[in-house]
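Colleague: Could you take me through the strand pairing, the packing and the overall make-up of this chain?

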Amino acid sequence: MGRSLNILIAGGGIGGLTAALTLQARGHRVTVCEATAQLKPLGVGINLLPHAVAVLDGLGLLAGLREIAIETSALVFANRHGQTIYSDTRGLAGGYSHPQLSIHRGQLQLRLWAEAEARLGAEQLRAGQRVTAVRTEVEQVVAELTHSDGSASELRADVVIGADGIHSAIR
């Protein structure tokens, strides 16, 4: 591996936290800034397809996810009488190397946050800090942060990754 980078990830959702865990596993120093001051298990049920589960399994998370998810073996469409119209096997039952998991989006995010806290260190997860702008200075990136209390600060990194959603300030 090349040199270890100091990486800032804007956004502590599923994508940002998975990126943080993956980059940390490859030897980089990672900081995650999440605009929300306190994470809550928000959202609805989602399906993690086998290729996504393979990534999370590679990070050693599969056993923990199985505790809070349901393994999906088939997608079934039925008529109003309960008669099958169409059925398609999924995950291991469909011949994939990994299961398909049905999981609550918010529970997945909280599990990833806890894992990132354990692996990166609590000080590397900054809740209540929104990345509002990014600029380059020489060979570094400077992220401008707005804190939930209204104060502001800056954070320097080698790389900034925007995982802060559709209304991203750095997209």
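Modeller: Two strands pair if DSSP finds at least two bridges between them, and helices (H or I, at least four residues) and strands (E, at least two) are DSSP runs numbered from the N terminus. This is a predicted model, in which local features need pLDDT of at least 70, side-chain atom pairs count only at pLDDT 80 or more, and totals for chains, interfaces and linings use all residues. Residues are numbered from 1 along each chain as its sequence is written, and side-chain values use heavy atoms, with hydrogens and water left out.

Colleague: Over how many bridges do strand 1 and strand 2 pair?

Modeller: Strand 1 covers residues 6-10 and strand 2 covers residues 29-34. Ile7 stands opposite Val30 in strand 2. The two strands run in the parallel sense, and their pairing extends over 5 bridges.

Colleague: Which are the edge strands of the open sheet of 4 strands?

Modeller: The sheet has parallel pairing and the order 8-2-1-12. An edge strand pairs on one side only, and this holds for strand 8 (125-127) and strand 12 (159-162).

Colleague: What angle does the direction of helix 4 make with that of strand 8?

Modeller: Helix 4 (residues 105-120) packs on the sheet, touching strand 2 and strand 8, where contact means heavy atoms within 4.5 Å. Axes are lines fitted to C-alpha atoms, for helices over the stretch in contact, and angles run from 0 to 180 degrees between N-to-C directions. On that basis, the angle between helix 4 and strand 8 is about 135°.

Colleague: What share of the residues counts as buried?

Modeller: The chain holds 4 helices and 12 strands. Buried means under 20% relative accessible area with a 1.4 Å probe, counting protein chains only. Of the 171 residues, the buried share is 34%.

Technical notes. Buried means under 20% relative accessible area, exposed over 50%, partly exposed in between (1.4 Å probe, protein chains only).
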